[in-house]
Amino acid sequence: MEPSTITVKKGKPEAIYDTFERKAGKDKLTTHYCPGCGHGRVHKLVAEALSDFGLTDKTIFISPVGCSVFAYYYMNTGNVQAPHGRAPAVGTGLCRVRPDSVVISYQGDGDLAAIGTAEIIHAANRGENMMVIFVNNAIYGMTGGQMAPTTMVGQKTQTTPRGRTVMNEGHPIRMAELISGLEAPVYVERCAVTDTKNIMKTRKAIRKAVQLQAEKKGFSFIEILSACPTGWKMTPKDSIKWIQDNLEPYFKLGTIKDVSAEREPMIKPVPTNDAEAIYSALGLQKGKTKASTDRAIGEKRIKIAGFGGQGALTAGVMLANAGMNDGLHVSWIPSYGPEMRGGTANCSVVISDRRIGSPVFESPNVLIAMNGPSLDAFEADVTAGGTIIVNSSIVERKVKRSDVKVICAPLTDLAADLGIKAAANSVAIGVYLGHEKVFERERIYDVLKTSLKKKEALALNIQAVDAGYAFAQGK
Ligand SMILES: Cc1ncc(C[n+]2csc(CCOP(=O)(O)OP(=O)(O)O)c2C)c(N)n1
Ligand code: SF4
């Protein structure tokens, strides 16, 4: 890892893919960036450093929301896409659970200095073991040139058509100075990808940050002044001059903070998902990890999914509440997804005789698929030996898996027979309890009694549970 031992290879760095598979049928050798855009140059410098230091395979590159949203088509590293502004939060998770990795949060000024201000400040303040490449082009490039926190006073943008004013929009934020004011960051530098001299300085800064990452010295921040000819409505050549004349006098180039020589390598403890370990670390209720019931049911991870209105989420709440009333440990977590009404909704329920480490799981041992899209979405996730309950009233296809138990139950039809089609979720619970008796049916009746005030609805839902139960018992 000593720079003197590095052999610099000629040609394309290995950390950049040979071809860019972004769009089928399109030229696979060019990026999506506009001519004269600084992003491509910065990608190349990062890739070069990773390749030269032999760190490509150890690197996780976080693409932001912004023009660099497609960086994962170019960087031949591990790649993660973060929601707008959240790259430092995603990076925090990554560098904590993968302390051996080089974590790079790559962000624009809208992403980092506007919507993501809280994330970057706190990640820097915690001294997370990551490096941040902050591409400051003084504008929101991707969305058509709106004002960013780094837009210059007087600069015309889509949202400041008469130019930014201090009175209305405040001063441009010097992020590198802001970050360097915090105690934890180890190295903060501002550079520019303008002329050859500055590109070489940027190269050096990036290499230093990569090296500090490999040495686990903590949080580094490289701000790079970069052209956005399209957003600025200038030629690439004029854009470079505009950076030199306007950005550089305000955003001074150079090292803003460097305490890397004084800092010792630092690896934060890897977090654990294990409930026992969490409880013991917190000193909470030591030894009291068992549920208050003596029944050994193990851990049931139940995914219930259906379209909006089918009551998948309510079924999960009912199961969790009933399990809790029965003295078991439970958790319930919903997932609405971005779908409109009528789209799919699902929830994850854990019912366990031990404390639950996490309410989120990847592999359910029970899937209740109330419609076709839910079966499509989750069938592959079910653990081998698990159970899939399919609403055969509306799911047309068969379950493809042969290593799980399949119960095809006409949930909607059984509910409709009772004159209450909306109670298909209660039927589903009945089928599940008929198949796997994690607790008595009466626990569900109790929950229904507290949630349904109308006598008729209560009676019908209890009948629906019973219908499902009888169906499963008859199987
Ligand atoms: C939550 C959310 N809010 C807003 C947007 C719209 N949006 C997409 S990119 C962007 C700004 C990008 O600007 P910047 O971070 O400076 O990157 P650049 O495109 O200039 O590289 C915005 C506001 C979004 N995608 N998501
Ligand atoms: S809009 Fe600006 S930042 Fe985005 S690709 Fe084009 S030049 Fe680059």
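| Residue | Atom in the residue | Distance to an oxygen atom of ligand 1 |
|---|---|---|
| C67 | backbone N or O atom | 2.8 Å |
| N137 | polar side-chain atom | 3.1 Å |

On its own, ligand 1 has 590 Å² of accessible area, and the protein covers 72% of it (areas come from the Shrake-Rupley method with a 1.4 Å probe).

So what is around the ligand? Ligand 1 is surrounded by 16 residues, with H39, C67, D109, G110 and D111 the closest (a residue counts as near if one of its heavy atoms lies within 4 Å). Helix α3, residues 109-115, gives the most to this shell, with four residues (helices are DSSP runs of H or I, at least four residues, numbered from the N terminus). Sorted by class, the shell has six nonpolar, eight polar and two charged residues. In this sorting, Asp, Glu, Lys and Arg are charged; Ala, Val, Leu, Ile, Met, Phe, Trp, Tyr, Cys and Pro are nonpolar; the others, Gly among them, are polar.

Now for the open space. The largest pocket holds about 300 Å³, and of its 18 lining residues, G40, R41, H43, K44 and L45 are the closest to its centre. A pocket is an open set of points on a 1 Å grid over the protein atoms alone, with protein on both sides within 12 Å along at least five of seven lines; lining residues have an atom within 4 Å of a point. Helix α1 gives the most to this lining, with six residues. The lining divides into nine nonpolar, four polar and five charged residues.

Zooming out, the domain assignment gives domain 1 (3-258) and domain 2 (299-474), and their C-alpha centres lie 46 Å apart.

A few ground rules: residues are numbered from 1 along each chain as written, while chains are lettered from A and ligands numbered from 1 in written order. In this predicted model, local features need pLDDT of at least 70, side-chain atom pairs count only at pLDDT 80 or more, and totals for chains, interfaces and linings use all residues, while side-chain values use heavy atoms, leaving out hydrogens and water.

Conventions. Polar contact = N/O pair within 3.5 Å; in protein donor to acceptor, adjacent residues only side chain to side chain. Helix = DSSP H or I, 4+ residues; strand = E, 2+ residues; numbered from the N terminus. Domains from an automatic or database assignment. 1 Å grid on protein atoms, 1.4 Å probe; cavity = no way out; pocket = protein on both sides within 12 Å on 5 of 7 lines; lining within 4 Å. Points joined across faces, edges and corners; volume = space filled by probe spheres on them.
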